[in-house]
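Okay, thanks for coming, everyone. Let me put the model up and then walk you through a few parts of it.

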Amino acid sequence: MSQPPEWQPPEPGYQPQWSPPPGAQWPAPLPPPAAPPGPQWDYLGGSPTGEPPPPKKSGRGRLIASLVAVSALVAGGVATYVAVSDSSTDRGAGSPEAAIRTIVGDINKSDLIGVLNDLVPGERTAIAAPFTDLVNQLKRTKVLQPGAAPATITGLQVQLKQLTFSGTTIPLNDHVQVLELTGGTIDLSADLERVPLTAEFLKAIFPRGIPQSTSGTQHVDIAQQGAPLRIATQKVGSSWYPSLFYTVAYQAAGERAPAAGDAVPARGAASAEDAVKQLIDALLAGSVDRAIALVSPDELPALHDYGKKVLAAVGSYQPAPVHLEDLTFTTADIAGGKRVTLSSITLTNQDGSKTSVKVDAGCFSISYDGQTKRQCPADLIDTATQSFGFPTKVTAAQRQAITDLIAGLGKVGVDTSQTGGQWFVAPVRTYFDLENEILSQLKGNDVIELVDLITSFVGN
Amino acid sequence: MRRRLAPAAGALGLILLVTGTFLPWLRSGDVRRNSYQAGGALRALVDLPGLLDVAVRVWPFVGLWCAGVVVGFVLGAPRFAALLGLLAGLLGSVVATATLQARGSGLIAASRSGPSVTLAGSLIVISASLSLVTRAPTLTRRRS
């Protein structure tokens with residue numbers, strides 16, 4: 001292969017042959033390009049927001065950045081998938097037996113939150129929120145210690161071990177099945193000293209000290225009981241849940257399944273207030289079946305299924321000798337429903353006279369036969385003291401506690417909820433909320449003062 | 001050195017923030033629940049007030065959100081990443097602080113470990129985000 005000739009430097013005196021054409025003029029130099037408006041970064045390739053341009057990445061840098069971005073997205077996606085799965089509120093199980101095993105597992109771990117979540121949604125709503133409120137009220141009124149842990153509030157430890165099922169289920173209807181527990185053990189241990197009660201409350205209840213009999217244990221061998229332990233489960237949507245109320249209803253009915261003819265179908269009202277008015281109307285008229293029809297089918301479906309059996313157990317129920325003339329309410333929103341509280345009621349007696357009661361600022365205005373008498377908590381205490389007589393002197397603090405208690409009674413309402421566009425009353429939730437409403441008006445040491453009053457009354 | 005400190009601290013903060021959410025936040029009996037399980041259990045049991053309900057509903061997406069911060073930064077949008085990081089840090093610190101304050105309230109017995117780690121991570125993320133946001137204009141002025 002031949003080599004190109006080597007470059008030689010020009011000889012001295014060498015003149016280049018090219019020269020500009022005569023008369024030719026160079027154009028005037030162009031001005032430098034004007035900078036575009038905005039920060040200089042734009043011109044340099046940065047963003048219009050003024051951020052510095054990202055450093056130009058080499059091929060390797062781009063690869064690393066892409067890998068970091070993809071890794072971050074994958075990690076974030078996995079974390080979100082796990083998080084969304086964990087945050088699911090549905091605790092239902094795939095089968096009745098799995099539902100029982102889930103709640104048993106939570107009971108054994110003393111997991112109160114888990115146990116409440118395992119229940120049928122309607123029962124959970126009826127119990128959980130009022131229970132939470134109750135715990136808070138008891139802490140506020142110095143019954144429970146401020147830092148009380150939920151697991152120790154009951155003071156009850158339950159352990160269920162080696163449970164075995166009969167393998168057969170008893171269908172009550174298309175969405176309720178009863179399971180039979182044939183083997184296993186239940187260990188119960190209750191200890192009042194484990195309940196995180198305040199020292200003041202314990203002193204008020206047990207002025208002479210806590211007796212020895214406040215703790216105990218019990219061992220139950222299910223196989224030795226003579227009959228299986230039967231627990232009802234309910235299907236909601238596609239999931240199964242243990243049902244407290246169906247279990248109670250099944251036991252109360254002598255472990256008999258309801259027949260189709262036993263049902264009292266749910267039939268609600270157009271509004272929350274109307275549901276309560278119709279319930280009062282039905283109870284005054286002795287129409288128990290109408291009262292059952294007004295009960296929430298989400299909370300107490302068992303009551304509807306066993307409706308006619310309940311009617312048979314109640315027997316004949318005479319109408320009250322009054323006619324409901326007028327009712328007024330105040331309504332407040334509660335979780336998943338409304339609380340309806342009585343403002344006034346007017347009744348017509350058999351002789352045509354009218355009685356009306358009006359709740360106003362914690363006092364009761366009672367009108368009868370054209371005369372109105374206003375009774376406030378303090379007046380009611382005087383009336384009670386004069387009528388029944390207290391063997392011990394009521395202190396000022398105790399008197400205040402009674403006043404607050406009566407004020408709480410005036411706030412008691414009926415909880416209602418909506419199902420299928422109709423309004424129903426929720427009796428279980430109302431019952432649990434009753435305590436909260438009364439407790440909500442108590443202040444400071446009111447509970448302890450009331451307990452002191454009762455113990456001194458009983459002691460005398 | 002200082003240029004790399006904020007992103008490194010931010011990354012550490014994000015890892016702490018997300019890791020903390022999977023540590024115990026709620027104690028009931030022998031069971032410890034992470035922040036997502038706790039949120040789900042609480043939503044099933046009680047009716048949470050408006051803003052808290054919204055926070056609990058978006059909370060499971062905090063991991064993806066933090067991933068968005070990293071992606072934004074490595075793809076050359078530090079301001080956008082800083083803004084996302086700032087929001088994630090604020091959400092994390094508010095939720096963690098509220099949980100730590102809620103010790104012994106009603107059914108809730110809060111565990112300290114989860115909220116504390118998330119709070120620490122959130123505060124680091126907030127600092128790193130603010131540092132990134134304030135740094136960019138300084139560089140612009142110097143070059144102009």
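Helices (H or I, at least four residues) and strands (E, at least two) are DSSP runs, numbered from the N terminus. And bear in mind that this is a predicted model, where local features need pLDDT of at least 70, side-chain atom pairs count only at pLDDT 80 or more, and totals for chains, interfaces and linings use all residues. Residues are numbered from 1 along each chain as its sequence is written, while chains are lettered from A and ligands numbered from 1 in the order in which they are written.

So, helix H3 of chain A, residues 96-108. Its 13 residues should span 18 Å at 1.5 Å a residue, and the end C-alpha atoms are 19 Å apart, which agrees; the expected span is 1.5 Å times one less than the number of residues. Among its buried residues are A:Ile100, A:Ile103 and A:Val104. Buried means 20 or more other C-beta atoms within 10 Å of a residue's own, exposed means 12 or fewer, and partly exposed is in between. What do the buried residues of H3(A) pack against? Helix H4 (112-118) and strands E1 (156-173), E2, E4 (229-236) and E5 (239-242) of chain A. Just after H3(A), A:Ser110 has a positive phi of about 55°.

Now over to strand E3 of chain A, residues 215-221. The number of buried residues among its seven is zero, so E3 lies largely in the open. E3(A) does pair with E2 (residues 176-191), antiparallel, over seven bridges; pairing takes at least two DSSP bridges between the strands. A:Thr185, for one, has A:Asp221 as its bridge partner.

On to the cores. A nonpolar core is a set of buried Ala, Val, Leu, Ile, Met, Phe, Trp, Tyr and Cys residues joined through C-beta atoms within 7 Å. The largest has 76 residues, and A:Ala275 and A:Phe424 are among those touching the most other members. Helix H5 of chain A, residues 121-140, gives the most to this core, with seven residues. There's also a second, separate core of 34 residues, including A:Ala72 and B:Trp59.

Last, chain B: six helices and two strands, with 49% of its 144 residues buried. Take B:Ser113, in helix H6 (residues 113-143). B:Ser113 is exposed, with 12 other C-beta atoms within 10 Å. Beyond its neighbours within four places in sequence, B:Ser113 contacts B:Leu23 and B:Pro24.

Notes
Two residues are in contact if their C-beta atoms, placed from the backbone, lie within 7 Å.
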